Amino acid sequence: MNVTVKIAGINALVNLAFLLAMGVDAAFLWAFVYFLLDFIPTLGFSIALIPPTFITLLMYGWQRALLVACGLILTNLIVANLVMPIFAKHAMNISFLEITVSLVGWGYLLGLPGAVIAIPMTLGLKEFFVMNREKAQLD
């Protein structure tokens, strides 16, 4: 949960700076909404993307609205795929390779639910194997 709060805060601040630079009205409100909805995987980002894009469409036209949507998607991709694994690695004592392999592996085996539970499942299996190895060495 601590990692999610940090990632949501970083993403909200980056989006705030982007929205202010683009001149979107109520940028602080949209950044706060983004922070809250960042706790809902996948769907939260989609919901948070709509209001600032729609406001920009009404105020400035479709070109700037498209630019705002692409910018928000880009910031989300960068934070979710580059920053989040770094924070997760430090918080959970798991390497970047383990995070990547677990997301790909569990996502392939179980689909979207596998991707959601990939890191906890991998940490659980890792702990299980460590405990069994220690138990085998004692016997």
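Visitor: How many salt bridges does the structure hold?

Guide: The model shown here is predicted. Side chains of opposite charge can pair when their charged atoms come close. In this structure, the number of salt bridges is 1.

Visitor: Which residue forms a salt bridge with Lys126?

Guide: The pair links distant parts of the chain, with Lys126 in helix 7 and its partner in helix 5, 28 residues apart. The closest N and O atoms of the two residues are 3.3 Å apart. The partner of Lys126 is Glu98.

Visitor: Is Glu98 buried, partly exposed or exposed?

Guide: A residue is buried under 20% relative accessible area and exposed over 50%, and partly exposed in between. Lys126, with a relative accessible area of 32%, is partly exposed. Because the relative accessible area of Glu98 is 27%, Glu98 is classed as partly exposed.

Visitor: With which side chain does the side chain of Thr122 make a polar contact?

Guide: Thr122 lies in helix 7, and Thr122 is buried, with a relative accessible area of 17%. Not counting residues up to four places away in sequence, Thr122 touches Ile94, Ser102 and Trp106. A polar contact of 3.2 Å joins the side chain of Thr122 to that of Trp106.

Visitor: How much space lies in the largest pocket?

Guide: Rolling a probe the size of a water molecule over the atoms shows where empty space is left. For the largest pocket, the space comes to about 1,100 Å³.

Visitor: Which element gives the largest share of the lining of the largest pocket?

Guide: The largest pocket is lined by 33 residues, and the closest to its centre are Pro41, Ala80, Met84, Leu103 and Ala115. Elements that give two or more residues to this lining include helix 1, helix 3 and helix 5. The largest share is 10 residues, and the element that gives them is helix 4.

Visitor: How many nonpolar residues are in the lining of the largest pocket?

Guide: Sorting the lining of the largest pocket by class gives 8 polar residues and 1 charged residue. The count of nonpolar residues in this lining is 24.

Visitor: What is the phi of Ala26?

Guide: Most residues other than glycine have a negative phi. Ala26 is found in the loop between helix 1 and helix 2, and at 40% relative accessibility it counts as partly exposed. Although Ala26 is not a glycine, its phi is positive, at about 60 degrees.

Visitor: Is Met22 buried or exposed?

Guide: Met22 lies in helix 1. Not counting residues up to four places away in sequence, Met22 touches Tyr60, Arg64, Leu67 and Val68. Because its relative accessibility is 13%, Met22 counts as buried.

Note on methods. Residues are numbered from 1 along each chain as its sequence is written. This is a predicted model: local features need pLDDT of at least 70, side-chain atom pairs count only at pLDDT 80 or more; totals for chains, interfaces and linings use all residues. Side-chain values use heavy atoms; hydrogens and water are left out. On a 1 Å grid over the protein atoms alone, a cavity is a set of points where a 1.4 Å probe fits but cannot get out, and a pocket is an open set with protein on both sides within 12 Å along at least five of seven lines; lining residues have an atom within 4 Å of a point. Grid points are joined across faces, edges and corners, and a volume is the space filled by probe spheres set on the points. Helices (H or I, at least four residues) and strands (E, at least two) are DSSP runs, numbered from the N terminus. Ala, Val, Leu, Ile, Met, Phe, Trp, Tyr, Cys and Pro count as nonpolar, Asp, Glu, Lys and Arg as charged, and the others, Gly among them, as polar. Buried means under 20% relative accessible area, exposed over 50%, partly exposed in between (1.4 Å probe, protein chains only). A polar contact is a pair of N or O atoms within 3.5 Å; within protein, one must be able to donate a hydrogen and the other to accept it, and residues adjacent in sequence count only if both atoms are side-chain atoms. Contact means heavy atoms within 4.5 Å. A salt bridge is a side-chain nitrogen of Lys or Arg within 4 Å of a carboxyl oxygen of Asp or Glu.
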